[in-house]
Amino acid sequence: MRTTLKGAILACLFLLPNLSPLHAQTTLKSQNPTNTELIKYLSDVFGTDMPHMYAIFSCESGRMQWRQDGSVVRSTTKDVGIAQVHLPIWKNKADELGLDIIGSWKENILMARHIWEVQGLTAWVCFLKVA
């Protein structure tokens, strides 16, 4: 039996404690994570690479999913959210995985985990600035 990439990612997400998309939706929209929440979640998602991802997301988005007016953080290059997920490349995959990368900072980070597995740290421009 052949396992699809989607099935493998979803299986991993549901096997890891507190990382399922259902758990990710517990944060209210427009509420950015506290520094403590973000560090804990990044540790859960990225393990020992947490410090790299923290530095990258600090550079990319200022560690914010939403601006003060409640709008999602967007770049001029069509990247969104705390992890600055590039919509032209990753929106369809996020939808396929059932991840709301605009409405949930946790799901934005879960998508970043997938990107990290596919492309590594170099997927983010800020990697060169913080490496």
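Student: Which residues does valine 130 touch, not counting residues up to four places away in sequence?

Tutor: This is a predicted model, in which local features need pLDDT of at least 70, side-chain atom pairs count only at pLDDT 80 or more, and totals for chains, interfaces and linings use all residues. Residues are numbered from 1 along each chain as its sequence is written, and side-chain values use heavy atoms, with hydrogens and water left out. Contact means heavy atoms within 4.5 Å. On that basis, and beyond four places in sequence, valine 130 touches Ala55, Ile56 and Cys59.

Student: How far apart are the C-alpha atoms of valine 130 and cysteine 59?

Tutor: Valine 130 is found in helix H7, helices being DSSP runs (H or I, at least four residues) numbered from the N terminus. Along the chain, valine 130 and cysteine 59 are 71 residues apart. The separation of their C-alpha atoms is 7.8 Å.

Student: Which cysteine forms a disulfide with cysteine 59?

Tutor: A disulfide is assigned to a pair of cysteine sulfur atoms within 2.5 Å, and the structure holds 1. The sulfur atoms in question are 2.0 Å apart, and the link is left-handed, with -65° about the S-S bond. Cysteine 59 lies in helix H4 (residues 50-61) and its partner in the loop between H6 and helix H7 (127-130), so the pair ties together parts that are 67 residues apart in sequence. The partner is cysteine 126.

Student: Is cysteine 126 buried or exposed?

Tutor: Buried means under 20% relative accessible area, exposed over 50%, and partly exposed in between (1.4 Å probe, protein chains only). Cysteine 59, at 32%, is partly exposed. Cysteine 126 has 5% relative accessibility and therefore counts as buried.

Student: At what angle do the axes of helix H3 and helix H6 cross?

Tutor: Axes are lines fitted to C-alpha atoms, for helices over the stretch in contact, and angles run from 0 to 180 degrees between N-to-C directions. The axes of H3 (residues 35-46) and H6 (residues 105-119) come within 11 Å. Their crossing angle is roughly 35°.

Student: Which residues of H6 make the contact with H3?

Tutor: On the H3 side, the contact is made by Glu37, Leu38, Tyr41, Leu42, Val45 and Phe46. The H6 residues are Trp105, Lys106, Ile109, Leu110, Ala112, Arg113 and Trp116.

Student: Which residues are in contact with glutamine 31, leaving aside its neighbours within four places in sequence?

Tutor: Glutamine 31 lies in the loop between helix H2 (21-24) and H3, and is partly exposed at 38% relative accessibility. Its contacts beyond those neighbours are Trp66 and Trp105.

How values were computed: Helices (H or I, at least four residues) and strands (E, at least two) are DSSP runs, numbered from the N terminus.
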